[in-house]
Amino acid sequence: MRITLTSVLVDDQEKALRFYTEVLGFVKKTEVPLGEHRWLTVVSPEAPDGVELVLEPDAHPAAQSWKKALMADGIPYNSFTVADVHAETERLKALGVRFTQEPLEMGPVTTAVLDDTCGNLLQIASAPAT
């Protein structure tokens, strides 16, 4: 068994696609029209055959309530690994990304939390190589 897909609930798929590709640096992998929405996935350019992130519409009322509660409590929806949280934070800030948590060292792990502009907080994290 392996993980092939994971999702993030977004308020606008087109806006999310721009943010996740043009800002975060992911690459669009799949786009299939499904009426009002699309089956839309992105992948890391470092692992194009790896786990796909589905940019899932948050049209269900429960999804919207859940996202608002996570956002209000400052809880990230997903976490992505980066080589250097400090450098990635500076790169993303230069692109206009808003951070709700500056880089924070917690033992061997450094994290930061950013707003994806689609109703979610995301964590970026790095740990020393093992």
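Reader: What volume does the largest pocket have?
Author: The model is predicted, so local features need pLDDT of at least 70 and side-chain atom pairs pLDDT 80 or more, while totals for chains, interfaces and linings use all residues. Residues are numbered from 1 along each chain as its sequence is written, and side-chain values use heavy atoms, without hydrogens or water. A pocket is an open set of points on a 1 Å grid over the protein atoms alone, with protein on both sides within 12 Å along at least five of seven lines; its volume is the space filled by probe spheres set on the points, joined across faces, edges and corners. For the largest pocket, this volume is about 580 Å³.

Reader: Which residues lie nearest the centre of the largest pocket?
Author: Lining residues have an atom within 4 Å of a point, and the largest pocket has 24 of them. Strands E3 (37-43), E4 (52-57) and E5 (78-81) and helix H3 (85-94) each supply at least two; helices (H or I, at least four residues) and strands (E, at least two) are DSSP runs numbered from the N terminus. Nearest the centre are Phe-26, Ser-44, Pro-45, Phe-80 and Thr-81.

Reader: Which helix gives the most to the lining of the largest cavity?
Author: A cavity is a set of points where a 1.4 Å probe fits but cannot get out, and the search finds 1 of 30 Å³ or more. Among its lining residues are Lys-67, Leu-70, Met-71, Ile-75 and Tyr-77. With 3 residues, the greatest contribution is that of helix H2 (residues 61-73).

Reader: What are the edge strands of the open sheet of 4 strands?
Author: Two strands pair if DSSP finds at least two bridges between them. The order in this sheet is E5-E8-E7-E6, with mixed pairing. The strands that pair on one side only are E5 and E6 (99-106).

Reader: Which residue in E7 is the bridge partner of Gln-101?
Author: E6 and E7 (residues 109-115) run antiparallel and are joined by 5 bridges. Their hairpin has 2 residues between the strands, and Gly-107 takes a positive phi near 65 degrees there. Phe-99 stands opposite Leu-114, and the partner of Gln-101 is Val-113.

Reader: Which residue takes a positive phi in the hairpin of E7 and E8?
Author: E7 and E8 (residues 121-126) run antiparallel with 6 bridges, and Asp-115 has Leu-121 as its bridge partner. Between the strands of this hairpin lie 5 residues. The residue with a positive phi, near 65 degrees, is Thr-117.

Reader: Why is the pair of Trp-66 and Tyr-77 called edge-to-face?
Author: Rings of Phe, Tyr and Trp (its six-membered ring) pair if their centres lie within 6.5 Å, and planes under 30 degrees apart count as stacked, over 60 as edge-to-face and the rest as tilted. The rings of Trp-66 and Tyr-77 have centres 5.2 Å apart. The pair is edge-to-face because its planes stand at 70 degrees.

Reader: Is Trp-66 buried or partly exposed?
Author: Buried means under 20% relative accessible area, exposed over 50%, and partly exposed in between (1.4 Å probe, protein chains only). Tyr-77, at 18%, is buried. Trp-66 has 45%, and therefore counts as partly exposed.

Reader: Which residues form one aromatic cluster?
Author: The count comes to 4 aromatic pairs. Phe-19 and Tyr-20 form an edge-to-face pair, 5.7 Å centre to centre with 75 degrees between the planes. Phe-19 is buried at 6%, as is Tyr-20 at 0%. The cluster consists of Phe-19, Tyr-20, Phe-26 and Phe-80.
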